[in-house]
Amino acid sequence: MPTIQSLLKNNRAWAQAVSAEDPSFFQRLSAQQSPGYLWIGCADSRVPSTQLTGLLPGEMFVHRNVANVVVHADLNCLSVIQYAVEVLKVEHIIVCGHYGCGGVEAALRDSQFGLIDNWLRHVQDVHNKHRAFIEAAGDFAAQSARLSELNVIEQAVNVCQTTIVRQAWERGQQLTVNGLIYGLNDGLLRDLQMRVDSAKGLAAQFKQAMDNLGQTK
Ligand code: CO
């Protein structure tokens, strides 16, 4: 098990390396942040948002929770979205799920882990909505993959339906909501063809993403 001391040592080495490359990097960043993206992803330690997209500190605003769920009454997630959209004016919100997600698989199995079952109820709602399509995927691994993909699409819909995003679009603010999924076994992001940049475009983009799943699986 690594110690906190080893993290501090790693941190000193990292800060030195970044400063060696760009001596004013930290000074510049400490004055302001202007990220272009908001990432809403799973808390899984194997899905490090900025690392896997090759972004530097300052380039991505990040919210992560178990199974990348966007709930209309979750003040934490809504506050992150509001700050990102209204203050930082990000141009893209990315909802990113991943294959082999423990939260998604617990929801699929209807496993009981205590408090978190209430949170994963939202993923079970996605399961219930698309039950036949998920069962048609095949064995457990295939069903888990399909539920992970559908969960991204449905949570991206939830982002689009927040008052924050709807009002941004009404103001004419440039903002696109995207759905991606990450493969733990190859380190690659896949585009789920969910790319919504207006309230009126939501239904067509949802259909496109669903058709895309049907075609590729
Ligand atoms: Co996960």
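Which helix gives the largest share of the lining of the largest pocket? Helix α1 (residues 4-21) does, with 3 residues. Welcome to this predicted model, where local features need pLDDT of at least 70, side-chain atom pairs count only at pLDDT 80 or more, and totals for chains, interfaces and linings use all residues. Residues are numbered from 1 along each chain as its sequence is written, and side-chain values use heavy atoms, leaving out hydrogens and water. Helices are DSSP runs (H or I, at least four residues), numbered from the N terminus.

**The largest pocket**

- The volume of the largest pocket is about 160 Å³, meaning the space filled by probe spheres set on grid points that are joined across faces, edges and corners.
- A pocket here is an open set of points, on a 1 Å grid over the protein atoms alone, where a 1.4 Å probe fits, with protein on both sides within 12 Å along at least five of seven lines; lining residues have an atom within 4 Å of a point.
- Its lining is made up of W14, V18, E21, D22, F25, L55, L56 and P57.
- Sorted by class, that lining has 6 nonpolar, no polar and 2 charged residues (Ala, Val, Leu, Ile, Met, Phe, Trp, Tyr, Cys and Pro count as nonpolar, Asp, Glu, Lys and Arg as charged, and the others, Gly among them, as polar).

**Helix α5 with α8**

- Two packed helices are described by the angle between their axes and the distance between the axes.
- For α5 (residues 102-109) and α8 (residues 140-160), the axes come within 9 Å and cross at roughly 115 degrees (axes are lines fitted to C-alpha atoms over the stretch in contact, and angles run from 0 to 180 degrees between N-to-C directions).
- α5 and α8 are therefore roughly perpendicular (65 to 115 degrees).
- Their crossing is right-handed (the near helix is turned clockwise from the far one by less than a right angle).
- On the α5 side, V104, E105, L108 and R109 meet F140, Q143, S144, L147, S148 and N151 of α8, where contact means heavy atoms within 4.5 Å.
- Those residues divide into 4 nonpolar, 4 polar and 2 charged.

**Helix α5 with α6**

- α5 also packs with α6 (residues 116-129), at about 65 degrees and with the axes 9 Å apart.
- This crossing is right-handed.
- G103, V104, A106, A107 and L108 of α5 meet L120, V123, Q124 and H127 of α6.
- That contact has 6 nonpolar, 3 polar and no charged residues.

**Helix α4 with α9**

- α4 (residues 75-87) and α9 (residues 163-170) pack at about 20 degrees, their axes 9 Å apart.
- That angle makes α4 roughly parallel to α9 (under 35 degrees).
- L78, I81, Q82, V85 and E86 of α4 make the contact with I164, V165 and A168 of α9.

Technical notes: Helix = DSSP H or I, 4+ residues; strand = E, 2+ residues; numbered from the N terminus. Parallel < 35°, antiparallel > 145°, perpendicular 65-115°, else oblique.
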